[in-house]
Amino acid sequence: MSKTFRVGVVGCGGIANGKHLPSLAAIENVEIVYFCDIIRERAEKACEKYGAQGAKVTENYMDVVNSDVDVIHVCTPNRSHCKISCAAMEAGKHVLCEKPMAINAAEARKMYETSVKTGVTLSI
């Protein structure tokens, strides 16, 4: 029996709805259980369309970080990639972060080093 991965998505705008969410929804052993966006209506709309039964909506990415998800997709503007991705990895979550990875080399390095330190997967 395959493991079912519980996924949270932070940022429910164009890239999430155009690429991440439809792709995740097509994978048999994935449940999209948390939707986060600073514009709550975007998260609610994505949840209605792609959410597993009982999926949650929030405007605060730390709710997703502190939840029981296995993987967090970071689909926000790149200026917030480092902060969100590092918080998620520090909480033991695997991260798939949209490109560009970060706004500068120092933030990219911090993301990489956090992945190494925590032992979780960081994919860009």
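1. Contact is taken here to mean heavy atoms within 4.5 Å. By that criterion, and leaving aside neighbours within four places in sequence, Cys-97 is in contact with Val-74, His-81, Ser-85, Met-111, Leu-122, Ser-123 and Ile-124.

2. The model is predicted: local features need pLDDT of at least 70 and side-chain atom pairs count only at pLDDT 80 or more, whereas totals for chains, interfaces and linings use all residues. Residues are numbered from 1 along each chain as its sequence is written, and side-chain values use heavy atoms, with hydrogens and water left out.

3. Cys-97 belongs to strand E5 (residues 94-97); helices (H or I, at least four residues) and strands (E, at least two) are DSSP runs, numbered from the N terminus. Cys-97 is buried, at 1% relative accessibility. The classes are buried under 20% relative accessible area, exposed over 50%, and partly exposed in between (1.4 Å probe, protein chains only). From C-alpha to C-alpha, Cys-97 and Thr-76 are 8.7 Å apart in space, and they are 21 residues apart in sequence.

4. The open sheet has six strands in the order E3-E2-E1-E4-E5-E6, with parallel pairing; two strands pair if DSSP finds at least two bridges between them. E3 and strand E6 (122-123) are the edge strands, each pairing on one side only. Strand E1 (residues 5-10) and E4 are joined in the parallel sense over four bridges, and Val-7 has Val-71 as its bridge partner in E4.

5. His-73 lies in strand E4 (residues 71-74) and is buried, with a relative accessible area of 7%. Not counting residues up to four places away in sequence, His-73 touches Val-7, Gly-8, Val-9, Val-10, His-20, Leu-24 and Leu-96.

6. In helix H2 (residues 40-50), the buried residues are Ala-43, Ala-46, Cys-47 and Tyr-50. They lie on the same side of H2, because they cover an arc of only 100° around the axis; the arc is that of the directions from the helix axis to the C-beta atoms. The face turned away from this buried side carries the exposed residues Glu-41, Lys-45, Glu-48 and Lys-49. The cover over the buried residues of H2 includes H1, strand E2 (30-36) and strand E3 (56-58).
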